Amino acid sequence: MTAPAAVPRRVLAFAAHPDDVDFGAAGTVAAWAAAGAQVTYCVMTAGDAGGFEPGDRDAVPDLRSAEQRAAAELVGVHDVRFLGERDGYLEPNHRVISQVVALIREVRPDVVLSMHPERNWDRIQASHPDHLACGEIVTRAVYPAAENPFAYPELAESGLAAWKVPWLWFYGAPRERENRAVDVTDTVERKLAAIRLHASQHPDLAHMEASVRGFLQDNAARHGLPAGRSAEVFHAVGVNTPDTIAGF
Ligand SMILES: [Zn+2]
């Protein structure tokens, strides 16, 4: 399996909830964006079941989308889309999959980032049902629908031509699936600053920060990086690389 270019030109990152991509991949995104990558975020739900305050629940979606836009700006992402699905109800159905296919064909990414469709039994909090649904939706959209011009034919008719995604990188993968570690030591502080901007989600900032730093350092150690480094980890899948053959 060949590696993607060190810095992809266009990246499309999917998440189930506002804040997921910041916990999973913002260090890598910050490095890629700083090196010139164009990055688009797509958050599938409004995050309306998140937070810890029972008060004005109707205000939660606007608050959380504003937090996500601010966090995106901080790591160099200026294009943030929301699909507006209800938090806790995300399902891999054709209505949502076709929206994801449309976005992939619009952005034409070199790398699609997504949550993982398989449950992590070592840390079940990583595997909220919406996260698994996000992973399944994106996987079905990347292959075969995005690259098959006869899938969801109304998209091609509206001018969205088929697009072959070279790489699908999952974050939040079960540990046995991890096959790529990105050294994010230089962007850890910006990643943490981005996570902090999801202020409605953090009842205990100090504990959150210590946990994230610990996870990133554990990742680096597990993947053989030098002591003191931090890493984000992925399950990288080559979808259309020189090693693959086409077939629907
Ligand atoms: Zn989430």
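Is R108 buried, exposed or partly exposed? The legends below take that up along with a few other spots in this predicted model.

**View 1. R108, a non-glycine residue with a positive phi.** R108 sits in the loop between α3 and β4 (111–115). Its phi is near 55 degrees, on the positive side even though R108 isn't a glycine. As for the opening question, R108 has 32% relative accessibility, so it counts as partly exposed.

**View 2. The largest nonpolar core.** This core takes in 67 residues, and the ones with the most contacts inside it are F14, Y41, M44, I104, L113 and W169. Helix α3 (residues 94–107) is the top contributor, putting in eight residues. In soluble globular proteins, nonpolar side chains do tend to be buried together.

**View 3. Where α3 packs on α4.** Helix α4 covers residues 129–142, and its axis runs 9 Å from that of α3 at an angle of about 55 degrees. The two helices are therefore oblique to each other, and their crossing is right-handed. On the α3 side you'll find V96, I97, V100, V101 and I104, which meet I137, V138, R140, A141 and V142 of α4. Sorted by class, that contact has nine nonpolar residues, one charged and no polar ones.

View 4. Going from Y143 to P144, the peptide bond is cis, with omega near 5 degrees. Y152 belongs to this loop too, and it's another non-glycine with a positive phi, about 45 degrees. With a relative accessible area of 16%, Y152 is buried. For context, most residues other than glycine have a negative phi, and most peptide bonds are trans.

Conventions
Residues numbered from 1 in each chain as written. Predicted model: local features only at pLDDT ≥ 70, side-chain atom pairs only at ≥ 80, totals over all residues. Heavy atoms only, no water. Core = buried A, V, L, I, M, F, W, Y, C linked by side-chain atoms within 4.5 Å. Buried < 20%, exposed > 50% of the residue type's maximum accessible area, 1.4 Å probe, protein only. Helix = DSSP H or I, 4+ residues; strand = E, 2+ residues; numbered from the N terminus. Axes fitted to C-alpha atoms, helices over the stretch in contact; angles between N-to-C directions. Parallel < 35°, antiparallel > 145°, perpendicular 65-115°, else oblique. Left-handed = near helix turned anticlockwise from the far one by under 90°. Contact = heavy atoms within 4.5 Å. Nonpolar A, V, L, I, M, F, W, Y, C, P; charged D, E, K, R; others polar.
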